[in-house]
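Visitor: I would like to learn how to read a structure feature by feature. Please give the general idea each time, then the case at hand.

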Amino acid sequence: DGGYIRDGFHAELDELRACIPHEPVRMFCVAYTLVERLAREHEELPSLYRKILPAVREIERNYADECRVSALATLCCMSESGLRRLFHEYLGLSPVDYRNAVRLRRAKQLIAGGEYSIAEAAEQVGFSNLSFFYRLYKRRVGCPPGEERKA
């Protein structure tokens, strides 16, 4: 989905979640590896793209909130058009599309976990329009949200 945390990081995050309460030494090793890779990736970013990191972090932390692109641009000390351009160049998505990708990723986890209904998961991650959530989920994930529960 072009997210800030690359696919390789998702695998490590899943591994980290799996070992948290049961294997503290393994958890520390996985966490250390993850932090090391994130730091290395950050260093490899061109300085121009580092300018959007405050917006990316804001979206990752507060994905359920309706944050305006103008507020994200202000956070990065740049114009809206500049922020949109860099988002597209680096992430392949607009800031709003990136936020929706983060929301969908989290909704998918909530639905697959079985603790939330589809409507509850959609609301929890910030989608107020359930019909839009269904359409976007199917388009981006490739299957309707109900399929996650069956898997």
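Visitor: In which helix is tyrosine 137 found?

Guide: Helices are DSSP runs of H or I with at least four residues, strands are runs of E with at least two, and both are numbered from the N terminus. Tyrosine 137 is found in helix 9. This is a predicted model, in which local features need pLDDT of at least 70 and side-chain atom pairs count only at pLDDT 80 or more, while totals for chains, interfaces and linings use all residues. Residues are numbered from 1 along each chain as its sequence is written, and side-chain values use heavy atoms, with hydrogens and water left out.

Visitor: Is tyrosine 137 buried or exposed?

Guide: Buried means a relative accessible area under 20%, exposed means over 50%, and partly exposed lies in between, with a 1.4 Å probe and protein chains only. Tyrosine 137 has a relative accessible area of 0%, so it is buried.

Visitor: Which residues have the most contacts inside the largest nonpolar core?

Guide: A nonpolar core is a set of buried Ala, Val, Leu, Ile, Met, Phe, Trp, Tyr and Cys residues joined through side-chain atoms within 4.5 Å. The largest one here has 32 residues, and those with the most contacts inside it are Ile52, Leu83, Phe87, Leu91, Tyr98, Phe127 and Phe133. Two or more residues each come from helix 4 (53-61), helix 5 (69-75), helix 6 (80-91), helix 7 (95-113), helix 8 (118-125) and helix 9 (130-141). Helix 7 gives the largest share, seven residues.

Visitor: Take one of those residues. What does phenylalanine 127 touch?

Guide: Contact means heavy atoms within 4.5 Å. Leaving aside residues up to four places away in sequence, phenylalanine 127 touches Asn100, Arg103, Leu104, Ala122, Phe132, Phe133 and Leu136. Phenylalanine 127 is buried, with a relative accessible area of 5%.

Visitor: How many aromatic pairs does the structure hold?

Guide: Rings of Phe, Tyr and Trp (its six-membered ring) pair if their centres lie within 6.5 Å; planes under 30 degrees apart count as stacked, over 60 as edge-to-face and the rest as tilted. The structure holds five such pairs. Between phenylalanine 127 and phenylalanine 132 the ring centres are 6.0 Å apart and the planes at 50 degrees, so this pair is tilted. Phenylalanine 132 is partly exposed, with a relative accessible area of 30%. The rings of phenylalanine 127 and phenylalanine 133 have centres 5.2 Å apart and planes at 50 degrees, so that pair is tilted too. One aromatic cluster is formed by Phe127, Phe132, Phe133, Tyr134 and Tyr137.

Visitor: What sits over the ring of phenylalanine 127?

Guide: A charge sits over a ring if NZ of Lys or CZ of Arg is within 6 Å of the ring centre and within 35 degrees of the ring normal. Here the charged end of arginine 103 does so, 5.3 Å from the centre of the phenylalanine 127 ring.

Visitor: And asparagine 100, which also touches that residue: where is its place?

Guide: Asparagine 100 is in helix 7. It counts as buried, at 6% relative accessibility. Beyond four places in sequence, asparagine 100 touches Phe127, Phe132 and Leu136.

Visitor: At what angle do helix 8 and helix 9 pack?

Guide: Axes are lines fitted to C-alpha atoms, for helices over the stretch in contact, and angles run from 0 to 180 degrees between N-to-C directions. Helix 8 and helix 9 pack at about 95 degrees, with their axes 10 Å apart. Angles under 35 degrees count as roughly parallel, over 145 as roughly antiparallel, 65 to 115 as roughly perpendicular and the rest as oblique. Helix 8 and helix 9 are therefore roughly perpendicular to each other. Ile118, Ala119 and Ala122 of helix 8 make the contact with Leu130, Phe133 and Tyr134 of helix 9.

Visitor: Last, the backbone. What is phi of cysteine 77?

Guide: Most residues other than glycine have a negative phi. Cysteine 77 has a positive value, near 55 degrees. This cysteine 77 is in the loop between helix 5 and helix 6, and at 68% relative accessibility it counts as exposed.
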